[in-house]
Amino acid sequence: MKNLLFLIIIFIYSFAIGQRKEIVLVGTMHQVPKILKNSYRPLFKKSLHYNPEAIFVETAMPDDSLSWQYLKNGYSKSLQEFYKYSIKVKEEFKFNKDSLNYLLSKDFDKLTKDDFSKIKLSFAYQRDYPNYYYYQYIQDYFPNGHKKSRRHENFELSRKLALRLRHKKIYAADDQQTNGEFHKHWRACEKALVGTSYKRKENKLARKLFLREILPSVVGKYGIINNRIKHLQLLDSLSGLKYTNQQNSDCAKAVDYFNQRNRRFAYNLGTQINKNNFNKSILFVGAAHIIGLKKELSTQFPNIKVILFDEL
């Protein structure tokens, strides 16, 4: 009897370990030059083989009013236009959650033009940027996704992967509540560093990145080198101004805002993974955030295994 009980405990434990939640972090370059237009392809192939249950992207969540308060006049014209459009939709469209769920339960090839219109209006009403454009993507590229690169790695990877796996939704997880403050202090920090040893250090780091990227770019493997740990560390230091050692007050504030964003971003990811009970998830995000997100996810959500793309 004791042996049987012991075996049952071992079985339950093994099952629990086998079901441990995990997320793969994939670093991207966002908009890429023409020479790197197909850099997403090796990333896509490996991500498709991983076969995630949930796909996350670097976009503000629909209900994050503080992020949208910034984004409505922020860095992206596309997001500005979408915000204005979502306001218009809220005024003119009668949203019905049950109707949306019914349409999302249909196979993509069974959806009519009117169905797609209602789905996109429903996502615009909810200010769900990634899914509004995901369903536009499905209309344009069903059944296998685009062939000719449009040179935006985040969207090319997430939308094409979601369509190939027949996912009904993509999940936003970013936090851009303090992006305005970050960019203000980042610019002030850059100005303060001119002519200093830190500026020379920045140039040295940038040169090191460039030299690491030349050959992979020529042979179409930029996406692979961009996800190597040494490359990710260099990007984290440069984009997050870590190399400044925070000697200047603006530099210190910029570093703090960069870390804050990663902290809240990680919270959004982990919370959604646990809430929806996703066992296998993937995130497509600017590569400069990978190091910070891995640290924050491991700290805040020890139940979630964090895997770098290079470790797949």
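Student: Is L215 buried or exposed?
Tutor: L215 is exposed, with a relative accessible area of 60%. Keep in mind that this is a predicted model.

Student: Okay, and where is L215 placed?
Tutor: You'll find L215 in helix α10, residues 197-218.

Student: Which residues form the nonpolar patch on the surface?
Tutor: That patch is made by F210, L211, I214, L215, V218 and V219. Together they have about 610 Å² of accessible area.

Student: Switching to charge, which residues form the positive surface patch?
Tutor: K34, K37, R41 and K148 form that one.

Student: Where does K148 lie?
Tutor: K148 is in the loop between α7 (129-141) and α8 (153-164).

Student: Why does K148 count as exposed?
Tutor: Because its relative accessible area is 71%, and exposed means over 50%.

Student: Now salt bridges. How many are there?
Tutor: The count comes to eleven.

Student: What does D174 pair with?
Tutor: D174 forms a salt bridge with R261, and the closest N and O atoms are 2.6 Å apart. This pair links distant parts of the chain: D174 is in strand β3 (residues 171-174) and R261 is in helix α13 (residues 249-276), 87 residues apart.

Student: Are those two residues buried or exposed?
Tutor: D174 counts as buried, at 0% relative accessibility. R261 counts as buried too, at 11%.

Student: What about D310, which residue does its side chain meet in a salt bridge?
Tutor: D310 meets R228, at 3.1 Å from N to O. Here again the pair links distant parts of the chain, with D310 in the segment after β5 (304-308) and R228 in the loop between α11 and α12, 82 residues apart.

Student: And how accessible is D310?
Tutor: D310 is partly exposed, with a relative accessible area of 35%.

Student: Which residues do salt bridges with shared partners join into one network?
Tutor: E58, D174 and R261 are joined that way.

Student: Is N227 buried or exposed?
Tutor: N227 is buried, with a relative accessible area of 1%.

Student: What is N227 in contact with, leaving aside neighbours within four places in sequence?
Tutor: Its contacts are L25, V26, G27, L43, L232, F309 and D310.

Technical notes. Residues are numbered from 1 along each chain as its sequence is written. This is a predicted model: local features need pLDDT of at least 70, side-chain atom pairs count only at pLDDT 80 or more; totals for chains, interfaces and linings use all residues. Side-chain values use heavy atoms; hydrogens and water are left out. Patches are made of residues with over 30% relative accessible area and no salt bridge: like charges are joined within 9 Å, nonpolar side chains (Val, Leu, Ile, Met, Phe, Trp, Tyr) within 5 Å. Accessible areas come from the Shrake-Rupley method with a 1.4 Å probe; for residues, only the protein chains shown count as cover. A salt bridge is a side-chain nitrogen of Lys or Arg within 4 Å of a carboxyl oxygen of Asp or Glu. Lys and Arg count as positive and Asp and Glu as negative; His and the chain ends are not counted. The place of a charge is taken as NZ of Lys, CZ of Arg, CG of Asp or CD of Glu. Helices (H or I, at least four residues) and strands (E, at least two) are DSSP runs, numbered from the N terminus. Buried means under 20% relative accessible area, exposed over 50%, partly exposed in between (1.4 Å probe, protein chains only). Contact means heavy atoms within 4.5 Å.
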